[in-house]
Amino acid sequence: MARLDFANARARARLAGLAAPRTLRDLLARPTLAARVELVRGLRAGTLVPAEPAAPPLAAVERALREGLRREALGLVADAEGRRARRLLRAWLALDEAAAVKAILRGVARGATIDRTLAAAPPVPGLPEEAIRSAAAASSVEEAVDALAAAGSALAAPVREALPRLREEGLLPLEVAADRAAFARASSACRRAGEDGAVLARHVADRADARNAATLLALAGAAPAAEPWVPQGRRWSEAALSALARAGLDAARAAVARGFALRPEALLRPWAADRALDRACAAVLAREARTRPLSIAVPLAYLVGRREEIRRVALALRGTELGLPAEEMLELVEA
């Protein structure tokens, strides 16, 4: 195995400190946004949240949560001993870079505010927050790609190659290019990397299948001319995915439910399907961390849990700002 002793020790210690369901319920029980932000400051996730007499702007809180996770991810990479271990961790983190690039492209294309765009983009250790904000502030998709390239994103080049298709085909070719490049890089890092490489390869395959499943559910019955699949999955071949897309939404939903052992009703709405697929991948990784406590699965499971903690905390705070009842927020946060 790659040397991950110190990284694993830190990750195992921090796993116990992730916000439990009771903490999230306590958060929603607080009467004001300022009181809830104060509770968040006491969490490990909230150590960078600005200390102000009143609640800081929600965008500032979310920036602090993202930056805290970015720094922790960089710290775990630095804790790994040896080039191979660090390469594996960086390859996994690159999958989040693809998600961030896609969120930025969608936000810019729709004319969304910078803060709304960034709220949908996971933090990327290799890209500073300022660079992500610059890309999100671009006036066009082309300018956003240029900003990502200037920031050093390894995914900017493959996305730029797909830009000529933007006018006629929309964002899909660009998103496919980002995903294919990120998954190819992660898959390549797993080769000849021993047990840790095998653990990561299984997780990459699960993530690829989840990405393909989400695309399948979105496009079922109306598959585009270009195949939008990433080839690193293990549940379905690209030909099988294309056939399912042509078969229609019911067939696609049934196949995804079987493939991930999910209830078909969990896939009725796009956001619910995304959450169900994320949880399925996370559950497999958590089992790997328990059965292989010296492997790369431990820091990966921690980072997945940490990212989920931030999602729930940010959702609770944003619902508070919008005035949603605590009962509704609890249902959403625990979903």
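**Close-ups of cores, cavities and a pocket**

View 1. Setting aside neighbours within four places in sequence, L105 makes contact (heavy atoms within 4.5 Å) with V141, A144, V145, V159, L171 and L174. This is a predicted model, where local features need pLDDT of at least 70 and side-chain atom pairs count only at pLDDT 80 or more, while totals for chains, interfaces and linings use all residues. Residues are numbered from 1 along each chain as its sequence is written, and side-chain values use heavy atoms, leaving out hydrogens and water. L105 is also one of the residues that touch the most other members of the largest nonpolar core, along with L65, W92, V141, L174, L200 and L303; the core has 85 residues. A nonpolar core here is a set of buried Ala, Val, Leu, Ile, Met, Phe, Trp, Tyr and Cys residues joined through side-chain atoms within 4.5 Å, with buried meaning under 20% relative accessible area for a 1.4 Å probe, protein chains only. The largest share of this core, 14 residues, is from α5; helices are DSSP runs (H or I, at least four residues), numbered from the N terminus. A second, separate core has 23 residues, including W229, W236, L241 and A266.

View 2. R66 sits in helix α4 and counts as buried because its relative accessibility is 9%. Beyond four places in sequence, R66 is in contact with L118, A119, A121, P123 and E129. R66 and A119 are 53 residues apart in sequence, yet 8.9 Å apart in space, C-alpha to C-alpha. A cavity is a set of points on a 1 Å grid over the protein atoms alone where a 1.4 Å probe fits but cannot get out, and lining residues have an atom within 4 Å of a point.

**View 3. The largest cavity.** What surrounds the cavity of about 80 Å³? Its lining includes L69, R70, W92, D96, L303 and R307. Helices α4, α5 and α16 (297–322) each supply at least two lining residues.

**View 4. The second largest pocket.** A pocket is an open set of grid points with protein on both sides within 12 Å along at least five of seven lines; this one has a volume of about 320 Å³. Of its 18 lining residues, R90, A91, A94, E97 and R185 are the closest to the centre. Helix α5 gives the most to the lining, six residues.

Notes. Grid points are joined across faces, edges and corners, and a volume is the space filled by probe spheres set on the points. Buried means under 20% relative accessible area, exposed over 50%, partly exposed in between (1.4 Å probe, protein chains only).
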